[in-house]
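Here is a brief report on one structure. It takes up the ligand site, then the aromatic rings.

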Amino acid sequence: MRVVVPFGGRSPKTRLAPFLDADERRDFSLAMLRDVLTAIERAGGDPVVLADAPVDVEVPVTVDDRPLTDAVNDELGGDEPVAVVMADLALATPETLERLFETAGDVVAAPGLGGGTNALVVRHPDFSVDYHGASIADHRTIADDTGASFVEFDSMRLAVDIDEPSDLVEVLLHGQERSREWLAENGVRLDRGDGRVGVVRERR
Ligand SMILES: Nc1nc2c(ncn2[C@@H]2O[C@H](COP(=O)(O)OP(=O)(O)OP(=O)(O)O)[C@@H](O)[C@H]2O)c(=O)[nH]1
Ligand SMILES: C[C@H](OP(=O)(O)O)C(=O)O
């Protein structure tokens, strides 16, 4: 299956700014992108990066600097199924993605914590996306209005997209190779304290 991986490479991961500077956010977001591409390939998918600027990866890249929703909608609408998998799913494994790709439904959606839509499989030509805000609810409504069946995919690994510093805890505990190693090499460690586990940065 063709798998579109949106990647905003111009100014990625601004919500991690309290923790990582702009160059580090670019490097870390590339490590996550490469982990996601590897997992998709191992799951049997054919990844294509849909980026807002050129990016150096070993799969085809389409550059489209329109807003995310417009760029993704241009990839939908054909007769063949298409998946959309976000580039910041640092916990995604080949096994989870294979299960996602094999789940039946006109629209199969993996919700993100906080209301987003972290991954989609689209098998209906009239379905379109509308990202941001509580997009998982909007995508259910769009599917209903289109007459497409909507199936929610239940997965911890696909629910965690890496937006906020607290999400880095999940990467250190469950992340794929490059993302987890990038954090470790850059001094990001678990803070096991007394309460909820957090992250700290050891500056060298
Ligand atoms: N092609 C494309 N992808 C985008 C764009 N904005 C975000 N993305 C990608 O869409 C997915 C979800 O992105 P977000 O977490 O909403 O945004 P972000 O830019 O990564 O992070 P923030 O700056 O913290 O909002 C990630 O895979 C991003 O790389 C865009 O304008 N164009
Ligand atoms: C693109 C957006 O991602 P979030 O901002 O929720 O990470 C969404 O999934 O609608």
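## Ligand site and aromatic pair

Ligand 1 takes up the space of the largest pocket. Two elements each give two or more residues to the shell around ligand 1: strand 1 (2–7) and strand 2 (46–51). This is a predicted model, and local features are held to a pLDDT of at least 70.

The shell around ligand 1 counts 14 residues. Those that come nearest are Gly8, Lys13, Thr14, Arg15 and Leu50.

| Residue | Atom on the protein side | Distance to an oxygen atom of ligand 1 |
|---|---|---|
| Gly8 | polar backbone atom | 2.8 Å |
| Thr14 | N or O atom in the side chain | 2.5 Å |
| Ala87 | polar backbone atom | 2.9 Å |

How much of ligand 1 does the protein cover? On its own, ligand 1 has 620 Å² of accessible area, and the protein covers 82% of it.

Now the aromatic rings. The count comes to one aromatic pair. Its members are Phe28 and Trp182. The ring centres are 5.4 Å apart, with 40 degrees between the planes. An angle under 30 degrees would count as stacked and one over 60 as edge-to-face, so the pair at 40 degrees is tilted.

Where do the two residues lie? Phe28 is in helix 1 (residues 22–42), whereas Trp182 is in helix 7 (residues 177–185). The pair therefore ties together parts that are 154 residues apart in sequence. Phe28 and Trp182 are both buried.

Definitions and conventions: Residues are numbered from 1 along each chain as its sequence is written. Chains are lettered from A and ligands numbered from 1 in the order in which they are written. This is a predicted model: local features need pLDDT of at least 70, side-chain atom pairs count only at pLDDT 80 or more; totals for chains, interfaces and linings use all residues. Side-chain values use heavy atoms; hydrogens and water are left out. Rings of Phe, Tyr and Trp (its six-membered ring) pair if their centres lie within 6.5 Å; planes under 30 degrees apart count as stacked, over 60 as edge-to-face and the rest as tilted. Helices (H or I, at least four residues) and strands (E, at least two) are DSSP runs, numbered from the N terminus. Buried means under 20% relative accessible area, exposed over 50%, partly exposed in between (1.4 Å probe, protein chains only). A residue is near a molecule or strand if one of its heavy atoms lies within 4 Å of it. A polar contact is a pair of N or O atoms within 3.5 Å; within protein, one must be able to donate a hydrogen and the other to accept it, and residues adjacent in sequence count only if both atoms are side-chain atoms. Accessible areas come from the Shrake-Rupley method with a 1.4 Å probe; for residues, only the protein chains shown count as cover. On a 1 Å grid over the protein atoms alone, a cavity is a set of points where a 1.4 Å probe fits but cannot get out, and a pocket is an open set with protein on both sides within 12 Å along at least five of seven lines; lining residues have an atom within 4 Å of a point. A molecule sits in a cavity or pocket if more than half of its atoms lie within 2 Å of its grid points.
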